[in-house]
Amino acid sequence: MLMRQGLMAAGLIVAGLAAALPAHAQADNYPNQPVTLVVPFQPGGGTDAVARTFAKVSAQYFPKGMVVLNKAGAGGAVGWKYVLNSKNDGHTLTVVTAEFVILPLLGLFDHTYKDYTPLVQLNADPAAIVVPVDSPYKTLEEFMAAARKSPAALNVGTSGTGSIYDVALSAFEVKSDTRFTHIPFPGSGPALLNLLGGQLDAVATSPAEASEYVRAGKLRLLVLMSDKRVPEFPDVPTAKEKGLDVAYGTWRGIAGPKGMPPATVAKLKEVFEKVAQDPQLISAIKAQNLGYVYADGDAFEKKMAAETADYAQVLKTLSIK
């Protein structure tokens, strides 16, 4: 009897050690397969560009590499939900954007940043309004005059209902006494392609996402919703210069689901700090006319908390539901 009890006790100790080993083993071996970076929008936009640059630079730190997976839909919610439904072992991460804090406030996403682990912020860009180069609206004043003359007659594309550009466009309408018909797309890339195809009058996006077409002489930036002009487009005025107190923009970063092993989170934050400050990443982001901003996971989480409170008030003021 005593021998049996002794064997049982020994078995419990061994079982306890076995249960403890996987966490340590995972920390030592992580990542033991390619890390998937989910982009919650279609290819072609600024978010996709940031993600692919980040994945390319990250590959040197991950022996199995990092692959990008586009999971578009519902303004980003489809991709973010996909990550929550994946194993929380650190092998499935996602790009998060300003919509990450906006959609829950609109009831369009049933999770918040609190269900995720913010890891690093990489970028910030202002919102802008862009039109075809052959548009009859050569200036912001002409564009606003047309909108006031025929409310809701102009079709303006956005990267989805509840997206930061949808909110920015709504704020612009309030401040400029205009009204447009918002046409949602699963990302700025598809919206810009429809603008080039003549299906839209304008698109609310970021200057970075439109830059390729602006520089090619196909699109024209009318206004930036920022506190100051951006170096890449010094001739484009800000809304504030035109007497409109509108300053909105997006940001992008990387997050994983809650519940990842602490050692894995620590390793990810350590690696991503190096990636975020890698000259190759910084130059690539700037080369795409994207605004580079670095914040570690803790600072990024505080930013999300602050913006959740701010946007709750903004959406209430603008009566956006």
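Trainee: How much space lies in the largest pocket?
Mentor: In this predicted model, the largest pocket holds about 370 Å³ of space.

Trainee: Which residues lie nearest the centre of that largest pocket?
Mentor: A124, D125, P126, V230 and G291 lie nearest its centre. They belong to a lining of 23 residues.

Trainee: And which elements each supply at least two residues of that lining?
Mentor: Three are found: the strand β4 (116-132), the helix α8 (207-215) and the strand β10 (292-296). Of the elements, β4 gives the most to the lining of the largest pocket, namely 3 residues.

Trainee: How do the residues of the pocket lining divide by class?
Mentor: The lining of the largest pocket has 13 nonpolar residues, 4 polar ones and 6 charged ones.

Trainee: Now cavities. How many of 30 Å³ or more does a search of the whole structure find?
Mentor: The search finds 1 cavity of that volume. The volume of the largest cavity is about 100 Å³.

Trainee: What lines the largest cavity?
Mentor: Its lining consists of 14 residues, and F41, T47, S159, Y165 and E209 are the ones nearest the centre. The elements that contribute two or more residues to this lining are α6 (164-176) and β9 (249-257).

Trainee: How many of the cavity's lining residues are nonpolar, polar or charged?
Mentor: The lining of the largest cavity divides into 3 nonpolar, 8 polar and 3 charged residues.

Trainee: Which residues of the two helices meet?
Mentor: On the α7 side they are S188, L192, L193 and L196, and on the α8 side E209, A210 and Y213. By class, the contact of α7 with α8 consists of 5 nonpolar, 1 polar and 1 charged residues.

Trainee: What about α2 and α10, at what angle do their axes cross?
Mentor: Helix α2 (residues 46-58) and helix α10 (residues 279-287) have axes that cross at roughly 160° and come within 10 Å. Because of that angle, α2 is roughly antiparallel to α10.

Trainee: Is that crossing left-handed or right-handed?
Mentor: The crossing of α2 and α10 is right-handed.

Trainee: And which residues make the contact?
Mentor: T53, F54, K56 and V57 of α2 make it with Q280, L281 and A284 of α10. The contact of α2 with α10 includes 4 nonpolar, 2 polar and 1 charged residues.

Trainee: Let us turn to the backbone. Where is there a cis peptide bond?
Mentor: Y30 and P31 are joined by a cis peptide bond, with omega about -5°. P31 is located in the loop between α1 (2-29) and β1 (35-39).

Trainee: What is phi of A74 near?
Mentor: Phi of A74 is near 55°, which is a positive value in a residue other than glycine. A74 is found in the loop between β2 (66-70) and α3 (77-84).

Trainee: And what is phi for D177?
Mentor: D177 has a positive phi of about 55°, although it is not a glycine. The loop between α6 and β6 (181-184) holds D177.

Definitions and conventions. Residues numbered from 1 in each chain as written. Predicted model: local features only at pLDDT ≥ 70, side-chain atom pairs only at ≥ 80, totals over all residues. Heavy atoms only, no water. Axes fitted to C-alpha atoms, helices over the stretch in contact; angles between N-to-C directions. Helix = DSSP H or I, 4+ residues; strand = E, 2+ residues; numbered from the N terminus. Parallel < 35°, antiparallel > 145°, perpendicular 65-115°, else oblique. Left-handed = near helix turned anticlockwise from the far one by under 90°. Contact = heavy atoms within 4.5 Å. Nonpolar A, V, L, I, M, F, W, Y, C, P; charged D, E, K, R; others polar. 1 Å grid on protein atoms, 1.4 Å probe; cavity = no way out; pocket = protein on both sides within 12 Å on 5 of 7 lines; lining within 4 Å. Points joined across faces, edges and corners; volume = space filled by probe spheres on them.
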